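I wanted to get my bearings in a structure I had not opened before. These are my notes, in the order I looked things up.

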Amino acid sequence: MNNIDWSSLPFGYFKTDYNVRCYFRDGKWGEIETSSSEEIVMHMAATCLHYGQAAFEGMKAFRGVDGKIRLFRPNENAKRMISSANGILMAPVPEDLFVEACKKVVKLNERFVPPAGSGASLYLRPILIGTGAQVGVHPADEYLFMIFTCPVGPYFKEGFKPVKFQIAEDFDRAAPLGTGRYKVGGNYAASLYSGQRAHDEGYSNCIYLDAKEKKYIDEAGAANFFGIKNNTYCTPKSTSILPSITNMSLRQLALDMGMKVEERQIPVEELSTFEEVAACGTAAVVSPINQIEDRGTGKVYKYAENPGPVCTKLYHTLKGIQDGSVKDTHNWNLVIE
Ligand code: PLP
Ligand code: COI
(Lines give C-alpha, C1' and ligand atoms only; values in the text may rest on other atoms or scores of the structure.)
(Ligands and ions follow the chains in the order given, each with its own letter.)
Protein backbone atom coordinates (compact mmCIF):
# COMPACT_ATOMS: atom_id res chain seq x y z
CA MET A 1 0.00 0.00 0.00
CA ASN A 2 1.17 3.49 -0.74
CA ASN A 3 0.80 6.37 1.61
CA ILE A 4 1.65 9.09 -0.88
CA ASP A 5 0.02 12.50 -1.03
CA TRP A 6 -0.13 12.45 -4.85
CA SER A 7 -1.45 15.96 -5.31
CA SER A 8 1.42 17.61 -3.47
CA LEU A 9 4.28 15.73 -5.14
CA PRO A 10 7.10 17.95 -6.40
CA PHE A 11 9.05 17.28 -9.61
CA GLY A 12 11.96 15.42 -8.10
CA TYR A 13 13.59 12.13 -7.22
CA PHE A 14 11.38 9.61 -5.44
CA LYS A 15 12.47 6.07 -4.73
CA THR A 16 10.31 3.46 -6.44
CA ASP A 17 10.63 -0.34 -6.32
CA TYR A 18 12.61 -1.19 -9.46
CA ASN A 19 14.68 0.08 -12.34
CA VAL A 20 15.61 -1.78 -15.52
CA ARG A 21 19.08 -2.07 -17.03
CA CYS A 22 20.60 -3.35 -20.22
CA TYR A 23 24.30 -3.59 -21.06
CA PHE A 24 26.02 -3.20 -24.43
CA ARG A 25 29.11 -5.43 -24.46
CA ASP A 26 31.08 -7.16 -27.21
CA GLY A 27 29.19 -5.21 -29.82
CA LYS A 28 25.68 -6.23 -28.76
CA TRP A 29 22.87 -5.43 -26.35
CA GLY A 30 22.07 -7.99 -23.64
CA GLU A 31 18.78 -8.85 -21.92
CA ILE A 32 16.71 -6.32 -19.97
CA GLU A 33 17.52 -6.87 -16.28
CA THR A 34 15.50 -5.79 -13.26
CA SER A 35 17.19 -4.16 -10.29
CA SER A 36 16.04 -2.77 -6.98
CA SER A 37 19.34 -1.00 -6.30
CA GLU A 38 19.58 2.77 -6.64
CA GLU A 39 23.27 2.50 -7.40
CA ILE A 40 25.45 1.60 -10.35
CA VAL A 41 29.02 0.41 -10.26
CA MET A 42 31.32 1.53 -13.04
CA HIS A 43 34.90 1.96 -14.08
CA MET A 44 36.55 5.21 -12.98
CA ALA A 45 37.70 5.79 -16.56
CA ALA A 46 34.16 5.40 -17.98
CA THR A 47 33.66 7.89 -20.83
CA CYS A 48 30.46 9.30 -19.30
CA LEU A 49 32.53 10.63 -16.41
CA HIS A 50 35.25 12.31 -18.48
CA TYR A 51 34.00 13.00 -21.95
CA GLY A 52 30.29 13.43 -21.43
CA GLN A 53 29.08 10.32 -23.22
CA ALA A 54 25.69 10.58 -21.54
CA ALA A 55 22.21 11.01 -22.98
CA PHE A 56 18.81 10.81 -21.37
CA GLU A 57 15.11 11.00 -22.08
CA GLY A 58 12.10 12.17 -20.13
CA MET A 59 8.64 10.75 -20.54
CA LYS A 60 5.48 10.19 -18.52
CA ALA A 61 3.01 7.39 -17.82
CA PHE A 62 -0.52 8.42 -16.82
CA ARG A 63 -3.31 6.59 -15.01
CA GLY A 64 -6.40 7.21 -17.11
CA VAL A 65 -9.94 8.00 -16.04
CA ASP A 66 -10.69 4.40 -17.07
CA GLY A 67 -7.95 3.03 -14.76
CA LYS A 68 -5.65 2.10 -17.68
CA ILE A 69 -2.03 3.22 -17.75
CA ARG A 70 -0.90 5.10 -20.86
CA LEU A 71 2.59 6.02 -22.00
CA PHE A 72 2.73 9.06 -24.25
CA ARG A 73 4.53 8.53 -27.60
CA PRO A 74 7.39 6.34 -26.31
CA ASN A 75 8.55 5.52 -29.85
CA GLU A 76 9.34 9.19 -30.37
CA ASN A 77 11.58 9.18 -27.28
CA ALA A 78 13.21 5.99 -28.56
CA LYS A 79 13.97 7.65 -31.90
CA ARG A 80 15.32 10.76 -30.22
CA MET A 81 17.62 8.69 -28.01
CA ILE A 82 18.94 6.97 -31.15
CA SER A 83 19.64 10.41 -32.61
CA SER A 84 21.39 11.51 -29.38
CA ALA A 85 23.46 8.31 -29.35
CA ASN A 86 24.53 8.80 -32.96
CA GLY A 87 25.30 12.46 -32.25
CA ILE A 88 27.93 11.63 -29.62
CA LEU A 89 29.04 8.24 -30.95
CA MET A 90 27.32 5.96 -28.43
CA ALA A 91 25.76 2.58 -29.17
CA PRO A 92 22.12 3.37 -30.07
CA VAL A 93 19.40 1.50 -28.18
CA PRO A 94 17.11 -0.20 -30.72
CA GLU A 95 13.60 1.27 -30.73
CA ASP A 96 11.94 -2.03 -29.76
CA LEU A 97 14.31 -2.59 -26.86
CA PHE A 98 13.69 0.95 -25.62
CA VAL A 99 9.90 0.58 -25.70
CA GLU A 100 10.05 -2.91 -24.14
CA ALA A 101 12.13 -1.52 -21.27
CA CYS A 102 9.64 1.33 -20.78
CA LYS A 103 6.70 -1.07 -20.56
CA LYS A 104 8.57 -3.31 -18.16
CA VAL A 105 9.63 -0.56 -15.77
CA VAL A 106 6.12 0.92 -15.66
CA LYS A 107 4.57 -2.48 -14.89
CA LEU A 108 7.15 -3.16 -12.19
CA ASN A 109 6.37 0.19 -10.55
CA GLU A 110 2.64 0.16 -11.21
CA ARG A 111 1.82 1.04 -7.60
CA PHE A 112 3.59 4.37 -8.10
CA VAL A 113 1.51 5.48 -11.08
CA PRO A 114 -0.54 8.32 -9.55
CA PRO A 115 -4.35 8.19 -9.73
CA ALA A 116 -6.22 10.07 -12.47
CA GLY A 117 -7.11 13.60 -11.48
CA SER A 118 -4.23 13.98 -9.02
CA GLY A 119 -2.25 16.15 -11.46
CA ALA A 120 0.70 13.79 -10.97
CA SER A 121 2.22 11.16 -13.26
CA LEU A 122 4.97 8.55 -13.29
CA TYR A 123 8.08 10.13 -14.84
CA LEU A 124 10.42 7.78 -16.71
CA ARG A 125 14.05 8.74 -16.95
CA PRO A 126 15.86 6.57 -19.50
CA ILE A 127 19.62 7.13 -19.53
CA LEU A 128 22.36 5.92 -21.85
CA ILE A 129 25.97 6.24 -20.71
CA GLY A 130 29.40 5.20 -21.92
CA THR A 131 30.74 2.83 -19.27
CA GLY A 132 33.78 1.50 -21.11
CA ALA A 133 37.16 2.84 -19.99
CA GLN A 134 39.10 5.33 -22.12
CA VAL A 135 41.77 7.86 -21.29
CA GLY A 136 42.34 9.27 -24.76
CA VAL A 137 39.37 11.12 -26.22
CA HIS A 138 37.55 8.20 -27.81
CA PRO A 139 34.05 6.73 -27.57
CA ALA A 140 33.55 3.81 -25.16
CA ASP A 141 33.04 0.26 -26.33
CA GLU A 142 30.62 -0.56 -23.49
CA TYR A 143 27.34 1.18 -22.62
CA LEU A 144 24.64 1.02 -20.00
CA PHE A 145 21.03 1.81 -20.82
CA MET A 146 18.74 2.06 -17.81
CA ILE A 147 15.38 3.51 -16.84
CA PHE A 148 14.28 4.62 -13.42
CA THR A 149 10.91 6.08 -12.52
CA CYS A 150 9.59 8.67 -10.06
CA PRO A 151 6.04 9.80 -9.40
CA VAL A 152 6.12 13.56 -10.02
CA GLY A 153 3.99 16.67 -9.77
CA PRO A 154 4.37 19.88 -11.78
CA TYR A 155 7.83 21.04 -12.93
CA PHE A 156 7.11 24.66 -12.12
CA LYS A 157 5.71 25.00 -8.63
CA GLU A 158 3.04 27.30 -10.08
CA GLY A 159 1.43 24.33 -11.96
CA PHE A 160 -0.76 25.61 -14.80
CA LYS A 161 -0.22 29.24 -13.78
CA PRO A 162 1.93 31.66 -15.71
CA VAL A 163 5.64 31.87 -14.92
CA LYS A 164 8.34 34.51 -15.52
CA PHE A 165 11.34 33.98 -17.77
CA GLN A 166 14.52 35.98 -18.23
CA ILE A 167 16.45 36.29 -21.49
CA ALA A 168 20.10 35.47 -20.77
CA GLU A 169 22.05 37.12 -23.60
CA ASP A 170 25.38 36.59 -21.90
CA PHE A 171 25.12 32.77 -21.99
CA ASP A 172 24.80 30.22 -24.74
CA ARG A 173 23.33 26.81 -24.07
CA ALA A 174 24.37 25.26 -27.36
CA ALA A 175 26.08 26.19 -30.63
CA PRO A 176 24.26 26.10 -33.99
CA LEU A 177 26.31 23.14 -35.22
CA GLY A 178 26.87 21.67 -31.75
CA THR A 179 24.89 19.23 -29.63
CA GLY A 180 21.81 21.34 -28.77
CA ARG A 181 19.53 19.14 -30.88
CA TYR A 182 20.51 16.06 -28.85
CA LYS A 183 19.41 15.29 -25.31
CA VAL A 184 22.91 14.94 -23.93
CA GLY A 185 24.19 15.82 -20.47
CA GLY A 186 26.63 18.48 -21.67
CA ASN A 187 23.80 20.77 -22.79
CA TYR A 188 22.37 20.72 -19.28
CA ALA A 189 25.77 21.37 -17.71
CA ALA A 190 26.02 24.39 -20.00
CA SER A 191 22.66 25.67 -18.75
CA LEU A 192 23.18 25.24 -14.98
CA TYR A 193 24.90 28.56 -14.22
CA SER A 194 22.48 30.74 -16.17
CA GLY A 195 19.49 28.72 -14.90
CA GLN A 196 20.54 29.13 -11.28
CA ARG A 197 21.14 32.84 -11.77
CA ALA A 198 17.66 33.20 -13.28
CA HIS A 199 16.18 31.45 -10.19
CA ASP A 200 18.19 33.65 -7.84
CA GLU A 201 16.93 36.72 -9.68
CA GLY A 202 13.31 35.59 -9.28
CA TYR A 203 12.60 33.83 -12.60
CA SER A 204 11.51 30.27 -13.32
CA ASN A 205 14.25 29.86 -15.90
CA CYS A 206 15.95 31.60 -18.78
CA ILE A 207 15.35 31.87 -22.48
CA TYR A 208 18.46 31.46 -24.63
CA LEU A 209 18.99 33.34 -27.87
CA ASP A 210 20.57 31.78 -30.94
CA ALA A 211 24.31 31.64 -30.22
CA LYS A 212 25.45 32.99 -33.60
CA GLU A 213 23.47 36.18 -34.16
CA LYS A 214 21.96 36.62 -30.69
CA LYS A 215 18.79 37.82 -32.44
CA TYR A 216 16.34 34.94 -32.30
CA ILE A 217 14.57 33.01 -29.54
CA ASP A 218 16.11 29.56 -29.14
CA GLU A 219 15.34 27.35 -26.11
CA ALA A 220 13.26 28.13 -22.98
CA GLY A 221 15.26 26.47 -20.20
CA ALA A 222 14.52 22.74 -20.37
CA ALA A 223 11.60 23.34 -22.70
CA ASN A 224 10.73 24.70 -26.16
CA PHE A 225 9.15 28.10 -26.68
CA PHE A 226 5.97 28.98 -28.56
CA GLY A 227 3.96 32.15 -29.14
CA ILE A 228 0.39 32.62 -30.33
CA LYS A 229 -0.93 35.44 -32.51
CA ASN A 230 -3.54 35.84 -35.27
CA ASN A 231 -4.72 32.25 -34.88
CA THR A 232 -1.13 31.07 -35.51
CA TYR A 233 1.13 28.85 -33.39
CA CYS A 234 4.72 30.12 -33.86
CA THR A 235 7.72 28.20 -32.60
CA PRO A 236 11.47 28.58 -33.23
CA LYS A 237 13.18 26.69 -36.02
CA SER A 238 16.76 26.17 -34.91
CA THR A 239 19.49 23.56 -35.12
CA SER A 240 20.43 24.14 -31.48
CA ILE A 241 17.12 23.31 -29.76
CA LEU A 242 15.82 19.91 -28.71
CA PRO A 243 13.10 18.62 -31.05
CA SER A 244 10.42 18.50 -28.35
CA ILE A 245 7.82 15.75 -28.57
CA THR A 246 5.37 17.93 -26.65
CA ASN A 247 5.90 20.77 -29.14
CA MET A 248 5.43 18.39 -32.06
CA SER A 249 2.16 17.20 -30.47
CA LEU A 250 0.95 20.75 -29.77
CA ARG A 251 1.64 21.76 -33.38
CA GLN A 252 -0.64 18.93 -34.49
CA LEU A 253 -3.32 19.90 -31.94
CA ALA A 254 -3.11 23.53 -33.11
CA LEU A 255 -3.69 22.37 -36.71
CA ASP A 256 -6.59 20.19 -35.47
CA MET A 257 -8.03 23.33 -33.83
CA GLY A 258 -7.96 25.12 -37.20
CA MET A 259 -4.89 27.23 -36.40
CA LYS A 260 -1.91 27.88 -38.65
CA VAL A 261 1.50 26.65 -37.54
CA GLU A 262 4.80 28.42 -38.25
CA GLU A 263 8.19 26.95 -37.45
CA ARG A 264 10.62 29.74 -38.17
CA GLN A 265 13.13 32.11 -36.62
CA ILE A 266 11.49 34.35 -34.02
CA PRO A 267 13.30 37.68 -33.49
CA VAL A 268 13.35 38.85 -29.85
CA GLU A 269 11.40 42.02 -30.71
CA GLU A 270 8.53 39.88 -31.97
CA LEU A 271 7.84 39.02 -28.32
CA SER A 272 5.90 42.30 -28.08
CA THR A 273 3.42 41.09 -30.73
CA PHE A 274 2.30 37.75 -29.26
CA GLU A 275 -1.09 37.37 -27.59
CA GLU A 276 0.15 34.38 -25.55
CA VAL A 277 3.57 32.82 -24.99
CA ALA A 278 4.53 29.59 -23.25
CA ALA A 279 7.19 26.97 -22.60
CA CYS A 280 6.40 23.35 -23.44
CA GLY A 281 7.92 19.97 -22.67
CA THR A 282 7.29 16.69 -20.89
CA ALA A 283 8.09 18.18 -17.50
CA ALA A 284 6.79 21.70 -18.27
CA VAL A 285 3.68 20.40 -20.18
CA VAL A 286 2.31 23.81 -21.29
CA SER A 287 3.61 26.50 -18.97
CA PRO A 288 2.15 29.88 -19.91
CA ILE A 289 4.52 32.83 -19.43
CA ASN A 290 3.27 36.16 -18.08
CA GLN A 291 6.52 38.09 -18.23
CA ILE A 292 9.84 37.94 -20.05
CA GLU A 293 12.61 40.29 -19.03
CA ASP A 294 15.53 40.84 -21.38
CA ARG A 295 18.43 40.92 -18.93
CA GLY A 296 20.68 42.66 -21.47
CA THR A 297 18.45 45.55 -22.52
CA GLY A 298 16.19 45.70 -19.47
CA LYS A 299 13.14 45.52 -21.74
CA VAL A 300 10.15 43.76 -20.20
CA TYR A 301 7.49 41.92 -22.24
CA LYS A 302 4.25 41.43 -20.32
CA TYR A 303 1.38 39.03 -20.96
CA ALA A 304 -1.90 38.25 -19.21
CA GLU A 305 -1.76 37.21 -15.55
CA ASN A 306 -3.93 34.17 -16.26
CA PRO A 307 -3.41 31.47 -18.91
CA GLY A 308 -4.74 32.61 -22.29
CA PRO A 309 -7.52 30.78 -24.20
CA VAL A 310 -5.27 29.02 -26.71
CA CYS A 311 -2.76 27.76 -24.12
CA THR A 312 -5.67 26.62 -21.95
CA LYS A 313 -7.27 24.67 -24.79
CA LEU A 314 -3.96 23.11 -25.88
CA TYR A 315 -3.16 22.16 -22.27
CA HIS A 316 -6.53 20.52 -21.60
CA THR A 317 -6.58 18.70 -24.94
CA LEU A 318 -3.09 17.31 -24.41
CA LYS A 319 -3.82 16.30 -20.79
CA GLY A 320 -7.15 14.82 -21.90
CA ILE A 321 -5.48 12.64 -24.54
CA GLN A 322 -2.94 11.52 -21.96
CA ASP A 323 -5.55 10.51 -19.36
CA GLY A 324 -7.92 8.96 -21.89
CA SER A 325 -10.72 11.52 -21.47
CA VAL A 326 -10.15 13.01 -24.96
CA LYS A 327 -10.13 10.77 -28.06
CA ASP A 328 -6.59 9.86 -29.08
CA THR A 329 -7.17 10.45 -32.79
CA HIS A 330 -3.47 10.33 -33.67
CA ASN A 331 -2.76 7.09 -31.76
CA TRP A 332 -0.19 8.70 -29.51
CA ASN A 333 -0.78 6.57 -26.42
CA LEU A 334 0.68 3.18 -25.71
CA VAL A 335 -1.67 1.42 -23.27
CA ILE A 336 0.31 -0.71 -20.82
CA GLU A 337 -1.40 -4.06 -20.42
N1 PLP B 1 14.11 21.34 -24.62
C2 PLP B 1 14.91 20.86 -23.66
C3 PLP B 1 16.27 21.45 -23.51
C4 PLP B 1 14.47 19.83 -22.83
O5 PLP B 1 15.24 19.35 -21.85
C6 PLP B 1 13.16 19.32 -23.01
C7 PLP B 1 12.68 18.23 -22.16
O8 PLP B 1 12.68 17.10 -22.52
C9 PLP B 1 12.37 19.84 -24.04
C10 PLP B 1 12.87 20.87 -24.82
C11 PLP B 1 11.00 19.32 -24.28
O12 PLP B 1 11.03 18.11 -24.97
P13 PLP B 1 9.87 17.03 -24.77
O14 PLP B 1 8.60 17.73 -25.12
O15 PLP B 1 10.18 15.97 -25.75
O16 PLP B 1 9.92 16.59 -23.38
C1 COI C 1 11.67 16.72 -19.53
O2 COI C 1 10.81 17.55 -19.83
O3 COI C 1 11.46 15.51 -19.51
C4 COI C 1 13.00 17.13 -19.23
O5 COI C 1 13.88 16.38 -19.47
C6 COI C 1 13.20 18.44 -18.64
C7 COI C 1 14.15 18.49 -17.48
C8 COI C 1 13.61 17.95 -16.21
C9 COI C 1 15.53 18.06 -17.81
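**Ground rules.** I am working with a predicted model, where local features need pLDDT of at least 70, side-chain atom pairs count only at pLDDT 80 or more, and totals for chains, interfaces and linings use all residues. Residues are numbered from 1 along each chain as its sequence is written, chains are lettered from A and ligands numbered from 1 in the order in which they are written, and side-chain values use heavy atoms, with hydrogens and water left out.

**Whole chain.** I started with the inventory: the protein chain has 6 helices and 18 strands. Both kinds of element are DSSP runs numbered from the N terminus, helices being H or I with at least four residues and strands being E with at least two. Along the principal axes, the C-alpha atoms fill a box of roughly 55 × 50 × 35 Å.

I also looked up burial (buried is under 20% relative accessible area, exposed over 50%, partly exposed in between, with a 1.4 Å probe and protein chains only). Buried residues make up 52% of the 337. Of the contacts (heavy atoms within 4.5 Å) with a separation of 6 or more, 71% join residues 24 or more positions apart.

**Helix 5 and helix 6.** Helix 5 covers residues 245-256, helix 6 covers 309-323, and they pack at about 110° with axes 10 Å apart. Axes here are lines fitted to C-alpha atoms, for helices over the stretch in contact, and angles run from 0 to 180 degrees between N-to-C directions. The pair therefore counts as roughly perpendicular; the classes are roughly parallel under 35 degrees, roughly antiparallel over 145, roughly perpendicular from 65 to 115, and oblique for the rest. On the helix 5 side I found Thr246, Ser249, Leu250, Leu253 and Ala254, meeting Leu314, Thr317, Leu318 and Ile321 of helix 6.

**Helix 2 and helix 3.** Helix 2 brings Pro74, Asn75, Asn77, Ala78, Lys79, Met81 and Ile82, and helix 3 brings Glu95, Phe98 and Val99.

**Two buried strand residues.** Met146 sits in strand 8 (residues 143-152) and is buried at 7% relative accessibility. Beyond four places in sequence, Met146 contacts Asn19, Val20, Arg21, Ile40, Arg125, Pro126 and Ile127. Asn205 is in strand 10 (residues 205-209) and is also buried, at 10%.

**Two positive phi values.** Lys214 has phi near 55° without being a glycine. Lys214 lies in the loop between strand 10 and strand 11 and is partly exposed at 28%. Asn331, not a glycine either, has phi of about 60°. I found Asn331 in the loop between helix 6 and strand 18, exposed with a relative accessible area of 66%.
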